[in-house]
Amino acid sequence: MRVLTTASLTVGLCAGLPAPPAFAACEDAPNTAGSVDGSELTYDLHTKYTAEWDRARAAWNALGKVDVRPDTGTAYADVDATDVDRSDVGWSGLWEPHDLGSDDIVLNDHFLKDYSAETKNGVVTHELGHALKLGHHTDTGAVMYCDDTRTAITPSADDIAAYRAIWG
């Protein structure tokens, strides 16, 4: 079992495996800076997790207000989604903001390849939630719970309330 340090449990960070009991819960975190430009979030996909991305996109788009859609190629995408295969980190997915250019959502195949389809979908939906300005929830039933032991794979009532608090 890998041991995560407290510093590892930051916004956008998901444990690759269930966390030890001392880290089984996370704290509610403030909203993230997000990647939304106006009322849209455009993306470029360079990931094999396209089916999971499509389900996550549909789940967030169903809430309205922000249009999550592919980039048209006329400017930088708001988010680039890519894959890595890293055993030296403790996360399965990571949203990473940048001051210039596109923000990143990085999906770690080292862990995701062994996950169920539902867990993979939860990770992708969670990271897209960060791009939509959502922080972490303490409820394991929220897709924005900070660990892959979350039970939600689509936005829960808590996630929807946080989304509506930001986007109306």
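Just after helix α4, Gly-168 takes a positive phi of about 85°. Helices and strands are here DSSP runs, numbered from the N terminus, with helices being H or I over at least four residues and strands being E over at least two. The model is a predicted one, in which local features need pLDDT of at least 70 and side-chain atom pairs count only at pLDDT 80 or more, while totals for chains, interfaces and linings use all residues. Residues are numbered from 1 along each chain as its sequence is written, and side-chain values use heavy atoms, with hydrogens and water left out.

Positive phi values also occur at two lysines. Lys-65 has a phi near 75°, a positive value in a residue other than glycine. Lys-65 sits in the loop that joins α1 to β3 (67–70), and Lys-65 is exposed at a relative accessible area of 54%. Lys-133 belongs to the loop between α3 and α4 and is partly exposed, with a relative accessible area of 25%.

Helix α4 itself spans residues 157–167, and its buried residues are Asp-159, Ala-162, Tyr-163 and Trp-167. These four lie on the same side of α4, because they cover an arc of only 115° around the axis. That arc is taken over the directions from the helix axis to the C-beta atoms. Part of the cover over the buried residues of α4 comes from α1 (50–61). On the face turned away from the buried side, α4 carries the exposed residues Ala-157 and Ala-165. For Ala-157 the relative accessible area is 64%. In sequence Ala-157 is 15 residues from Ala-142, and the C-alpha to C-alpha distance between the two is 7.6 Å.

Helix α1 also meets helix α3. Two packed helices are described by the angle between their axes and the distance between the axes. The axes of α1 and α3 (residues 117–131) come within 9 Å and cross at roughly 50°. Axes are lines fitted to C-alpha atoms, for helices over the stretch in contact, and the angles run from 0 to 180 degrees between N-to-C directions. The two helices are therefore oblique to each other. In this scheme, angles under 35 degrees count as roughly parallel, over 145 as roughly antiparallel, 65 to 115 as roughly perpendicular, and the rest as oblique. The crossing of α1 past α3 is right-handed; such a crossing has the near helix turned clockwise from the far one by less than a right angle, whereas anticlockwise gives a left-handed one.

On the α1 side of this contact are Glu-52, Trp-53, Arg-55, Ala-56, Arg-57 and Trp-60, and they meet Lys-120, Asn-121, Val-124, Thr-125, Leu-128 and Gly-129 in α3. Contact means heavy atoms within 4.5 Å. By class, the residues of the contact of α1 with α3 comprise five nonpolar, three polar and four charged. Nonpolar covers Ala, Val, Leu, Ile, Met, Phe, Trp, Tyr, Cys and Pro; charged covers Asp, Glu, Lys and Arg; the others, Gly among them, are polar.

The protein chain as a whole has four helices and six strands. Starting at the N terminus, its elements run β-β-α-β-β-β-β-α-α-α. The chain has 168 residues, of which 49% count as buried. Among contacts with a separation of 6 or more, 69% are between residues 24 or more positions apart.

Thr-72 lies in the loop between β3 and β4 (79–84) and is exposed at 57% relative accessible area. Its C-alpha atom is separated by 8.1 Å from that of Thr-42, 30 residues apart along the chain. Asp-88 is in the loop between β4 and β5 (91–96) and is exposed, with a relative accessible area of 58%. Asp-88 and His-110 are 22 residues apart in sequence, with 9.5 Å between their C-alpha atoms. The C-alpha atoms of Pro-97 and His-130 are 9.6 Å apart, for residues 33 apart along the chain.

Definitions and conventions
Buried < 20%, exposed > 50% of the residue type's maximum accessible area, 1.4 Å probe, protein only.
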